[in-house]
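Dear colleague,

I am handing over the structure below, and my notes on it follow directly after. Please read them with the coordinates open beside you.

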Amino acid sequence: MMDIMPFGRDSLYNPRWMAGPIMSDAVPEVAFPPKLLADLRRAAAQIVSARRITVITHIDADGITSGAIASETLSRLGKEFTVHFEKKITDEVIERVNSDDADLVWICDLGSAYMSQFTRIGLVVTDHHVPDSNWRTGQSLLSAFGCSHQLNPHLYGVDGSYEVCGAGMTYLLSKTIDPRNQDLAYIAVIGAIGDLQDLQNSRLVSWNRLILDDAVEAGDVEVSFGLRYFGRGTRPLVQFLQYGEPAIPGITGDMNVCLALLESFGISAVDSNGRKRYWCDLEESERMVVTDELVTNAGSDADRETLLGEVYTITRYPVRSGLGDAKEFATTLNSCGRYGDDATGPRIRRGGRSALKDAENKRRDHRRNISSALNYVKENSLLMRGSHVQYFIDGSAIKETVVGIVANMLLNSEDVDPDMPIIAFAEADDGIKVSARASKRLIDRGLDLSRIMTEAAASVGGLGGGHSVAAGATIPEGKEMVFLDRVEALVKDCLSP
Ligand code: C5P
Ligand code: ZN
């Protein structure tokens, strides 16, 4: 008979599971630097004094949540404003920003990498992508007059890939404008989860943690500790185990094994009315035994750490709605934005029921698209191995907006070399879209995909940027192989001892 331990964050003691670093409570004290607070106040003053504002934001979950926070903030201020969604910053977007006749353009979750190209008076950027290194010198004059504000964690020595996201920076500005905007903190938490900021530590840390604290204090988010598999509210129990990541040898992928595992613990996959049960429907003790089984069988200590960690509940919605779990909420937003549906994400956030139905359909399509794209790459053996990178060039079969997700999923699958970054190419309207992803191990060894994408793209007349672990670029058609050679050389430089 095994011990059943209570499953709250304060009563985690279970030596077999909890040996990993995620359970160390020795989290360093974090506080916002005074310089950031001063910069936020200056940017807030500029927003408050503007009459008409244009908001530009990114199409992914972090961008949609950033846009939601910005628009709610402006609407509470009674401002006249419009919101536009962009896949990325292009020359055309830069031109539009520079010539926009609003008093102020507020760019969220985008913009930092192109800061020196914005010449307009009246600009606020709340972003977390690696900033344009030319900006400080290029625009110091403008910023000295308080006309151009860039709020980006990298400028304060904080890493935008896991310490704070675009929605987090947007929220910090919103809260500076009015502390009552603390009720928007949960939206920033969803943005952070959407940008996978909790991946590295299996929990939100650093500035994200401070924002999470705001959301918890406002009563909008509850933090619990447990199995971090995706879909606790929307994936039927067997599929929840079958498709869980990281994979557990002998369990994941096999529906019958997953069903048998549940049965072996006397856990039924359906309720007394024959309806499918979900992870969130289980008793705490049932969750415990299953989790214990997965942890015991995990392939490595690293997988054990990834399996367990914090889970975030959005208390405004039932978990079964697909919006009560931060990961599921973020996935829903992602599936809207990446298929050109700008309207549904903001509609869901405002609570529309029909919007939820639309989003559910989008999410189903999104899942189907990703899984067929993954199969397409695998079945056609598209993944090629270079000297220092692995890559696939798929033409137009995979949508440019999901090719990055596919690259990321491939990186986590068994058939690829975790010691080489993946570079994926897809056709886009304005050239070739490149997505680059690398394992954390490579990042720890000094790989910086953001810099590599920026430099390699520039060398062929394209534009690139992003984060050390996930970056991208757009390059002219026909330049794929020259670009790849440049990437090979840059990766080699980064990783040579
Ligand atoms: O599109 P994907 O998910 O691969 O993008 C990964 C990262 O690279 C994102 O943070 C994105 O903003 C950045 N990126 C960029 N310039 C591009 C394409 C992507 O900065 N042309
Ligand atoms: Zn982001």
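Which strands each supply at least two residues of the shell around ligand 1? They are E11 (431-437), E12 (463-466) and E13 (470-475), where strands (E, at least two residues) and helices (H or I, at least four) are DSSP runs numbered from the N terminus. E13 gives the most to this shell, with five residues.

Before going further, please note that this is a predicted model, in which local features need pLDDT of at least 70 and side-chain atom pairs count only at pLDDT 80 or more, while totals for chains, interfaces and linings use all residues. Residues are numbered from 1 along each chain as its sequence is written, chains are lettered from A and ligands numbered from 1 in the order in which they are written, and side-chain values use heavy atoms, with hydrogens and water left out.

Around ligand 1 there are 16 residues (a heavy atom within 4 Å), of which His129, Lys433, Ser435, Arg437 and Gly472 come nearest. By class, the shell has five nonpolar, eight polar and three charged residues, counting Ala, Val, Leu, Ile, Met, Phe, Trp, Tyr, Cys and Pro as nonpolar, Asp, Glu, Lys and Arg as charged, and the others, Gly among them, as polar.

An oxygen atom of ligand 1 lies 3.0 Å from a backbone N or O atom of Gly472, and an oxygen atom of the ligand is 3.3 Å from a polar backbone atom of Gly465. A nitrogen atom of ligand 1 is 3.4 Å from an N or O atom in the side chain of Thr474. Taken alone, the ligand exposes 460 Å² (Shrake-Rupley method, 1.4 Å probe), and the protein buries 86% of that.

Elsewhere, helix H6 (residues 185-194) packs against helix H12 (residues 326-337) at an angle of about 75°, with their axes, lines fitted to C-alpha atoms over the stretch in contact, 8 Å apart. That makes H6 roughly perpendicular to H12 (65 to 115 degrees, on a scale from 0 to 180 between N-to-C directions). The contact (heavy atoms within 4.5 Å) involves Ile190, Ile193 and Gly194 of H6, and residues of H12 including Phe329 and Leu333.

Two backbone details remain: the peptide bond from Glu245 to Pro246 is cis, with omega near 5°, and Leu196 has a positive phi of about 60° although it is not a glycine.

Best regards

Technical notes
Parallel < 35°, antiparallel > 145°, perpendicular 65-115°, else oblique. Polar contact = N/O pair within 3.5 Å; in protein donor to acceptor, adjacent residues only side chain to side chain.
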